[in-house]
Amino acid sequence: MSRLTLLLPAALISLATLSAQQAQTPQKVTPPSYAAIPAAAAKQPNPVKSSPESLARAKKWWNLDCAMCHGSAGDGKGSLAADMKLQIADFTDPASLKDRTDGEIFYIIKTGHQDMPPEGTRIKPEENWDLVNYVRSLAKKPAPESKP
Ligand code: HEC
């Protein structure tokens, strides 16, 4: 047998394995951590004060672009999230975003994360900050009567 007849099937097999691996990558890949958020972006202060006006502007985008996954109340139970079997944090729980800076939330909304699509340039930066305020506003304040 010539060397070529041996080499050719071997090359074809490795090519096939390679493309099979590539096809699997989207589901197989381990979640990249949010540590990828650049420090400068995380530190960026929110220039938009949370106000009824800011929240009203954000609500429009929330209902258009976010509620199908995050749920209109932010509980993470949107219909698309259920269809896609996504695990989404409950933003009505104040613990969910307590360790996030506004800059980090801004960055996540702008660039997306894993199954979450990026807003990119679809919205203006001020509108992105409105959404940061909105996401924060979803956290339930502890009810006064729930005090021990
Ligand atoms: C296709 C479904 C989908 C849509 C649409 C979507 N998200 Fe998400 N979002 C996710 C998922 C899934 C995660 C968790 C990502 C991960 O695995 O880390 C997430 C994470 C987040 C986080 C970070 C939570 C954390 O743990 O710190 C924020 C904030 C957020 N989304 C806000 C939004 C906003 C605002 C919009 C609308 C502009 C939006 N998302 C649209 C699916 C979605």
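**Figure 1. Surroundings of His70 in the predicted model.** In this predicted model, His70 touches Trp62, Asp75, Gly76, Lys77, Gly78, Ile88, Phe91 and Met116, leaving aside residues up to four places away in sequence. His70 itself belongs to helix α3. Its relative accessible area is 12%, and because buried means under 20%, His70 counts as buried. A nitrogen atom of the ligand lies 2.7 Å from an N or O atom in the side chain of His70.

**Figure 2. The iron atom of the ligand and its protein donors.** Two residues of the protein donate to the iron atom: His70 through NE2 and Met116 through SD. These donors lie 2.0 to 2.1 Å from the iron atom. Around the iron atom there are six donor atoms, and the angles they subtend run from 83 to 179°, so the arrangement is octahedral. His70 is in helix α3 (residues 52-70), whereas Met116 is in the loop between α5 (102-111) and α6 (125-137); the pair therefore ties together parts that are 46 residues apart in sequence. Met116 has a relative accessibility of 27% and counts as partly exposed, while His70 is buried.

**Figure 3. The shell of residues around the ligand.** The shell holds 22 residues, and those that come nearest to the ligand are Cys66, Cys69, His70, Arg100 and Met116. Sorted by class, the shell has 15 nonpolar, three polar and four charged residues. A polar side-chain atom of Arg100 is 2.3 Å from an oxygen atom of the ligand. For His113, an N or O atom of the side chain is 2.8 Å from an oxygen atom of the ligand. Helices α3, α5 and α6 are the elements that give two or more residues to the shell. The most come from α3, which gives five residues.

**Figure 4. Helix α5 and its packing.** The buried residues of α5 are Gly103, Glu104, Ile105, Phe106, Ile108 and Ile109. They pack against two other helices, α2 (39-43) and α6. After α5 comes Gly112, which has a positive phi, near 75°.

**Figure 5. Ser54 in helix α3.** Ser54 is part of helix α3. With a relative accessible area of 0%, Ser54 is buried.

**Figure 6. The whole protein, for orientation.** The protein has six helices and zero strands. Read from the N terminus, its elements follow the order α-α-α-α-α-α. It consists of 148 residues, of which 30% count as buried; His70 is one of the buried residues, and Ser54 is another. Taking the contacts between residues at least 6 apart in sequence, 57% join residues at least 24 apart.

Key: Residues numbered from 1 in each chain as written. Predicted model: local features only at pLDDT ≥ 70, side-chain atom pairs only at ≥ 80, totals over all residues. Heavy atoms only, no water. Donors = N, O, S within 2.8 Å, 3.2 Å for Na, K, Ca; no water. Tetrahedral: all angles 85-135°; square planar, octahedral: opposite > 155°, others 65-115°. Helix = DSSP H or I, 4+ residues; strand = E, 2+ residues; numbered from the N terminus. Buried < 20%, exposed > 50% of the residue type's maximum accessible area, 1.4 Å probe, protein only. Near = heavy atom within 4 Å. Polar contact = N/O pair within 3.5 Å; in protein donor to acceptor, adjacent residues only side chain to side chain. Nonpolar A, V, L, I, M, F, W, Y, C, P; charged D, E, K, R; others polar. Contact = heavy atoms within 4.5 Å.
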